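Keep the model open beside you and try each task before you read its solution.

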Amino acid sequence: KKLSLFIPVLYSVVIPSDRTEDYLKNIRDHHTPQLQMVVAILPTNRKDRYDAIKKLCCLEKPGIKYNQ
């Protein structure tokens, strides 16, 4: 079976700092009712940052899909 994924609009944001708060602020600032997915590429393996982004996407903005 062939799996197809169509992404009509891709919006990328470069975050110049390494602060967790900046990641969360950018997700909140770009959140719209049309937003369906957030992909965050993180420079380090910090559990606190990962957990904060997961909490934001799953609890505070539950319309955003989250893949672990």
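**Exercise 1. Find the secondary structure elements.**

Solution. The protein has two helices and zero strands, where helices (H or I, at least four residues) and strands (E, at least two) are DSSP runs numbered from the N terminus. This is a predicted model, in which local features need pLDDT of at least 70, side-chain atom pairs count only at pLDDT 80 or more, and totals for chains, interfaces and linings use all residues. Residues are numbered from 1 along each chain as its sequence is written, and side-chain values use heavy atoms, with hydrogens and water left out.

**Exercise 2. Work out which residues form the largest nonpolar core.**

Solution. Start with burial (under 20% relative accessible area; exposed is over 50%, partly exposed in between; 1.4 Å probe, protein chains only). Of the 68 residues, 16% count as buried. Next, join buried Ala, Val, Leu, Ile, Met, Phe, Trp, Tyr and Cys residues through side-chain atoms within 4.5 Å. The largest such core has seven residues: Tyr23, Leu24, Ile27, Ala52, Ile53, Leu56 and Cys57. Helix 1 (20-29) and helix 2 (47-60) each give two or more residues to this core, and helix 2 supplies the largest share, four residues.
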